[in-house]
Amino acid sequence: MAHVYVSNADSGDIAVLRMGSGGELTLQSRVSVGGQLMPMAIHPSRKTLHVVRRSEPMAVVSLAIDPVTRDLHPLGEAALPASMAYVSTDLAGRFLLAASYQGHQLTVSPLGADGTVGAVQQVVPTGPNAHAILPSPCNRYVLATSLGGGELMVFGFNADTGRLSQAAAWPARSGAGPRHFRFDAAGRFVYLLNELDGTVDVLTWNATDGALACVQTVGILPPGFMGKPWAADLHLTPDGRHLYASERTSSTLAHLA
């Protein structure tokens with residue numbers, strides 16, 4: 001049986017939901033963490049969940065995932081220097097990566113063998129409104145968006161030390177507002193969701209030199225859309241065949257195949 005974890009910003013807890021074969025959700029348990037909980041990341045081992053508290057005291061909280069019930073049990077927390085809009089881990093599960101929208105920065109923190117997060121070891125200033133951060137499929141690069149700066153940044157990533165070193169940046173169209181992104185299953189393309197104009201850019205990805213190039217732009221707004229686009233999230237199915245993007249002004253999901 002599959003499980004779903006939902007962070008609740010207002011109540012400060014995480015809901016553990018069971019998902020049935022037909023997609024139905026049933027509440028299994030809740031764990032109280034406290035504060036404004038938002039972005040989460042599951043460790044590659046599937047043994048630990050990390051959730052960011054965006055209110056004071058700002059921190060990342062680590063929770064153990066029960067191997068049988070999939071319930072959550074707090075392990076500890078580590079301070080963060082700013083409110084983080086996005087959190088992920090590198091593919092080896094040795095480092096936690098975070099992006100701060102308000103703080104205009106990225107951070108790298110070590111992950112212990114027990115799943116807990118250590119003190120921030122690197123802070124990287126960015127252009128305005130860093131929004132998402134993910135490792136490349138080869139784990140030799142880390143990419144991050146600057147929504148206000150209008151770019152998708154590419155950093156060299158040392159998988160042994162966790163150190164980021166800026167390599168390049170791909171400039172988005174003026175007014176696009178790059179927000180979230182996903183790599184395709186084969187690691188050849190990046191799908192980039194733009195918040196401000198409601199589009200998805202398809203970018204080729206060259207793992208040899210970390211280069212990006214746009215080959216297609218697709219709109220996600222529904223027919224007859226009126227108002228200001230406000231795109232939010234982007235997810236790719238595990239088989240890589242279906243891409244889903246959410247848009248908040250129209251409260252719609254766009255399906256891109």
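Predicted model: local features only at pLDDT ≥ 70, side-chain atom pairs only at ≥ 80, totals over all residues.

Are phenylalanine 183 and tryptophan 205 buried or exposed? I looked up both residues and noted that phenylalanine 183 is buried, as is tryptophan 205.

**Entry: the aromatic rings**

I next asked how many aromatic pairs there are in the structure, and the count came to four. I then checked where the two residues sit, and found tyrosine 141 in strand β13 (residues 141-146) and tryptophan 205 in strand β18 (residues 199-206), so that the pair links parts of the chain 64 residues apart. Tyrosine 141 is buried, and tryptophan 205 is buried too.

The rings of phenylalanine 183 and tryptophan 205 gave me a centre distance of 5.6 Å and an angle of 80 degrees between the planes, so this pair is also edge-to-face by the cut-off of over 60 degrees. Here the link is between phenylalanine 183 in strand β16 (residues 178-183) and tryptophan 205 in strand β18, which are 22 residues apart. When I looked at how the rings group together, I found that Tyr141, Phe181, Phe183 and Trp205 form one aromatic cluster.

**Entry: the nonpolar core**

Which residues of the largest nonpolar core touch the most other members? I found that this core has 31 residues, and that Leu143, Phe181, Val190 and Leu212 are the ones with the most contacts to other members. The largest share of the core, five residues, comes from strand β14 (residues 151-157).

I then followed valine 190 and, setting aside residues up to four places away in sequence, listed its contacts, among them Leu143, Phe181, Phe183, Trp205 and Leu212. Its list also includes Arg182 and Asp201.

**Entry: the four-stranded sheet**

I turned to an open sheet of four strands and read its order as β4-β5-β6-β7, with antiparallel pairing. The edges are β4 (37-42) and β7 (72-79), each of which has a single partner strand, so one side of each has no neighbour in the sheet. On average, and ignoring direction, neighbouring strands of this sheet are turned by 25 degrees against each other.

Going through the pairings, I found four bridges between β4 and strand β5 (residues 48-53), which run antiparallel, and noted that methionine 40 stands opposite valine 51 in β5. Strand β6 (residues 59-65) is joined to β7 by seven bridges, again antiparallel, and the bridge partner of serine 62 is glycine 76 in β7. β6 and β7 form a hairpin with six residues between them, and arginine 70 in the turn has a positive phi of about 70 degrees.

**Entry: backbone angles**

Which residues does a cis peptide bond join? I found one between glutamate 56 and proline 57, with omega about -5 degrees, and proline 57 is in the loop between β5 and β6. For comparison I wrote down that most residues other than glycine have a negative phi, and most peptide bonds are trans.

Asparagine 129 has a positive phi near 65 degrees although it is not a glycine, and I located this residue in the loop between β11 (122-125) and β12 (130-135). Its relative accessibility is 15%, so asparagine 129 counts as buried. Asparagine 139 also has a positive phi, of about 65 degrees, and lies in the loop between β12 and β13; at 11% relative accessibility asparagine 139 counts as buried.

**Entry: cysteines**

I searched the whole structure for disulfides and found zero. Cysteine 138 is partly exposed, at 33% relative accessibility, and cysteine 214 is likewise partly exposed, with a relative accessible area of 36%.

**Entry: asparagine 8**

Last, I looked up asparagine 8, which is in strand β1 (residues 2-8). Leaving aside neighbours within four places in sequence, asparagine 8 is in contact with Asp13, Ile14, Ala15, Arg30, Gly35 and Leu37. I also checked its separation from valine 123, which is 115 residues away along the chain, and found 27 Å between the C-alpha atoms.

Definitions and conventions. Residues numbered from 1 in each chain as written. Heavy atoms only, no water. Pairing = 2+ DSSP bridges. Axes fitted to C-alpha atoms, helices over the stretch in contact; angles between N-to-C directions. Disulfide = S-S within 2.5 Å. Buried < 20%, exposed > 50% of the residue type's maximum accessible area, 1.4 Å probe, protein only. Core = buried A, V, L, I, M, F, W, Y, C linked by side-chain atoms within 4.5 Å. Contact = heavy atoms within 4.5 Å. Phe/Tyr/Trp six-rings, centres within 6.5 Å; stacked < 30°, edge-to-face > 60°.
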